[in-house]
Amino acid sequence: MTTQEFRIGFLPLVDACLPILAQEHGFAEAEGLSLKLVRDMSWATVLDRLLYGHTDAAHLVAPLAIATTLGRGRPARPLAVPFVLGLNGNAITMRPDLAARVAASGKLGDPSLAGASLAQVARERLAAGKRLRFGVVHRYSSHNYMLRYWLAGCGIQPDRDVEITTIAPPFCADALEDGEVDAICVGEPWNSVAVERGAGEIVLATAQIWRRGVEKVLALREPVIDERREAVEALIRALVRAGAHFVDPANWQMNARILARPEYLDGHEDLILRAISDRILLRQHGEVVRYSDFMFQYREAANFPWVSQAEWLYTQMVRWDGLKFDPADAARAARVFRPDVYRNALIGSGEPLPGASSKVEGSLHQRTAVTAQQGSITLEQNRFFDGRTFDPANLSAYLASLD
Amino acid sequence: MRIAIIDESASRAIVIREGLAALPDCETFVVTQRLGLVAKIEEIGPDVVLMDLGNPSRDVLEEYFTVSRALSRPIAMFVDESDDEAIVASIDAGVSAYVVDGLSAHRIRPLLDLAIGRFNAFARLQTDLAKAQGALAEREAIDKAKRILMTSRGFSEPQAYAELRKTAMNQGRRIADIADAVITAQQLMGGA
C-alpha cells in the first residue's frame with residue numbers, strides 16, 4: 001500500500017488531539033496515510049492555508065466552517081465537514097472579583113443562578129457606563145455562540161448590556177490580568193493557564209450551557225471530499241481510532257505528554273492532562289474538581305456530523321449577525337455537515353452509526369437508546385441549560401422563540 | 001497611501017518598511033505591540049494593513065474590520081479577492097494584506113509585490129542565520145570534544161581531531177555527531 005500525505009492545519013488547543021494522536025500512534029499509517037500537522041496561531045491563518053491549498057484539512061471552530069460556506073466576512077467558499085473533532089471542552093473564566101460575585105467559590109456555578117447574579121453586575125456596570133467585557137476566540141466560534149446563548153438566556157442582551165470582543169487564546173490570561181476584559185470563554189489549556197496565574201477563576205464549563213454542544217470540526221474544501229474520497233474516509237477511520245485511544249484512562253498520561261510537545265501545543269503536560277481527564281482547577285490554590293464529559297471526543301458517536309447541529313449553528317449566526325432567516329442559506333449550512341461520508345467510512349467497522357442524521361437537540365433528559373444503522377447507541381442527556389429544545393424541522397419557529 | 005505594518009518581529013517590520021519606502025506617496029506605520037492594537041489602527045486610519053500570518057492577533061484584527069465594515073471604513077481581505085495568484089503568493093510568503101475597499105488594484109499590486117519580496121527575503125535571511133548558528137554550534141562541539149580527548153587520552157590537538165574524523169568515517173556519521181557523543185559520554189562519566 002502506498003502512503004498518501006494529508007496535511008492538517010491546527011491551533012495549539014487540547015481538542016486538536018485526534019489528528020495529532022492518529023499520526024503519533026500509527027492509526028493514520030495503518031490506513032495508508034501520513035499526516036503532516038501544520039500549526040498556526042490564528043483561525044484566520046488556519047482558514048487561509050486551507051482555502052489556498054497549504055493544507056488539505058483543518059481543525060476548525062464549527063461556526064467558521066459554516067460562515068465560510070455562506071460567505072460571511074469574505075467571499076463564499078464551500079467547506080465540508082465529514083467528522084466532528086469533539087464536543088464542548090471550553091469554559092468561562094472570570095476575573096476573581098467578578099467570579100466572587102457570580103458563583104460560590106470551590107465549585108462550578110449553576111448556569112441559571114450564576115447568570116442571574118451576573119445580570120445584576122451587568123446592570124450596575126451598564127449604569128456606570130463601564131459595560132462588562134467578555135473575550136471570545138473568534139466571532140464565528142462555538143465559544144461566542146455558547147456564551148451568547150447563556151447570557152441571553154439569563155436576560156443579558158449581548159452587544160447592548162455587555163461587550164463581546166475577540167481575544168487570541170494565548171493572550172486570554174493577560175487580557176484578564178490587565179483588565180482588558182472581565183471574562184473569557186476559551187478552550188483548554190487557556191482557562192487553566194489563567195487560573196494558575198491567579199488572573200481568573202473558572203465559573204462555568206460550556207458543557208453546562210449545552211451538555212452536548214458541537215465544538216471543533218474537521219473541515220475540508222468541498223471539492224476535496226470527492227477528489228480524495230478514499231483518503232478522506234481512511235482519515236475518518238484513523239481519527240475514530242484515535243478517539244477511542246484518547247478517552248481510555250490508561251492512555252491519558254501518555255497522550256498529555258505527546259500533546260504538550262513543542263511542535264503541538266507547546267504547553268504544560270499537567271494542565272493538558274487535567275482537561276483530558278475531566279478535572280478542573282477552578283481557582284488558584286483551590287482544589288481540583290471533577291466534571292464529567294468536560295470534553296467529549298468519542299462516546300455516543302460524538303464524532304458524527306449531525307445535520308441538526310449545523311442547522312443550530314446557522315440559527316445562531318442569523319441571531320447574532322442580525323441576518324434575515326433565509327431557507328436557501330439554511331440548506332447550504334446544513335449541507336456543510338456530511339454524515340454520508342462519515343457513514344461510508346465506517347460502514348462494516350465496529351463503530352456504531354446512528355439511524356438518523358438529524359435529531360431534536362437538547363431533548364434528552366435521561367439515557368435513551370436510539371435506533372442505529374450499525375451497532376447500538378445510547379445517548380445520555382443532552383439538554384440546554386434553559387431547557388429549550390431545538391427542532392430542525394422548524395428553524396424559523398425556533399428563532400422566533402428566542403426573541 | 002497610508003500603510004500599517006503589524007508585526008511582532010520588529011526587525012522584520014523594519015525590513016518591510018524599508019522596502020516600501022521606494023514607493024511614491026506612501027506613509028508607513030509600524031505596530032509591534034499587541035496591546036491597544038485596534039486603537040492604534042483606528043488612530044492610523046490606514047488604507048492598507050499588512051500583517052504576518054503567524055501573528056496570533058489576526059482574528060482580533062479581522063473582527064475589528066468586520067465590525068468597522070458595519071460602521072464606516074469598509075476593508076476587504078487582500079487586494080482583489082478574485083486575484084488568486086496574488087493571494088497565493090502572499091500566503092506562501094507569510095503575509096496577509098487588508099485593503100480599504102475601492103483602492104484600485106494597480107495601486108495595490110506593486111505594494112503587495114514589494115511586501116511579498118521583503119517577507120521572502122527576510123525568511124531567507126533567517127534560514128541563513130539558522131544555518132550559520134548551526135555551523136557555529138557544531139564548531140564549538142568539535143572543539144570541546146577535542147579538548148576532552150586531549151585531557152583524557154593525552155592527544156595533541158591534531159591527533160584528537162584525527163581520532164574524531166577516523167571514528168566518524170568508520171561509523172559513517174558526521175564529525176559533529178561523534179563530537180556530541182564524546183561530550184555526552186563525558187557528562188555521563190561525571191565530567192563537566
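In the predicted model, B:Ala10, B:Ser11 and B:Glu18 are exposed on one side of helix α1 of chain B. The buried residues of this helix, which spans residues 10–20 of chain B, are B:Arg12, B:Ala13, B:Ile16 and B:Leu20. Viewed down the axis of α1(B), these buried residues fall within an arc of 100°, and they therefore line one face of the helix. An α-helix has 3.6 residues a turn, so residues three or four places apart point the same way.

A packed pair of helices was examined in chain A. Two packed helices are described by the angle between their axes and the distance between the axes. Helix α12 (residues 252–260) and helix α13 (residues 269–276) of chain A pack at an angle of about 130°, and their axes lie 8 Å apart. The two helices α12(A) and α13(A) are therefore oblique to each other, and their crossing is right-handed. On the side of α12(A), the contact is made by A:Trp252, A:Gln253, A:Asn255, A:Ala256, A:Arg257, A:Leu259 and A:Ala260. Helix α13(A) contributes A:Glu269, A:Ile272, A:Leu273 and A:Ile276. Classified by residue type, this contact has 7 nonpolar, 2 polar and 2 charged residues.

Contacts also occur between the chains, where 20 residues of chain A are in contact with 18 residues of chain B. Helix α3 of chain A (residues 43–51) supplies 5 residues, the largest share of the side of chain A that touches chain B. By class, that side of chain A has 10 nonpolar, 6 polar and 4 charged residues.

Technical notes: Residues are numbered from 1 along each chain as its sequence is written. Chains are lettered from A and ligands numbered from 1 in the order in which they are written. This is a predicted model: local features need pLDDT of at least 70, side-chain atom pairs count only at pLDDT 80 or more; totals for chains, interfaces and linings use all residues. A residue is buried if 20 or more other C-beta atoms lie within 10 Å of its own, exposed if 12 or fewer, and partly exposed in between; C-beta atoms are placed from the backbone. Helices (H or I, at least four residues) and strands (E, at least two) are DSSP runs, numbered from the N terminus. The arc is that of the directions from the helix axis to the C-beta atoms. Axes are lines fitted to C-alpha atoms, for helices over the stretch in contact, and angles run from 0 to 180 degrees between N-to-C directions. Angles under 35 degrees count as roughly parallel, over 145 as roughly antiparallel, 65 to 115 as roughly perpendicular and the rest as oblique. A crossing is left-handed if the near helix is turned anticlockwise from the far one by less than a right angle, and right-handed if clockwise. Two residues are in contact if their C-beta atoms, placed from the backbone, lie within 7 Å. Ala, Val, Leu, Ile, Met, Phe, Trp, Tyr, Cys and Pro count as nonpolar, Asp, Glu, Lys and Arg as charged, and the others, Gly among them, as polar.
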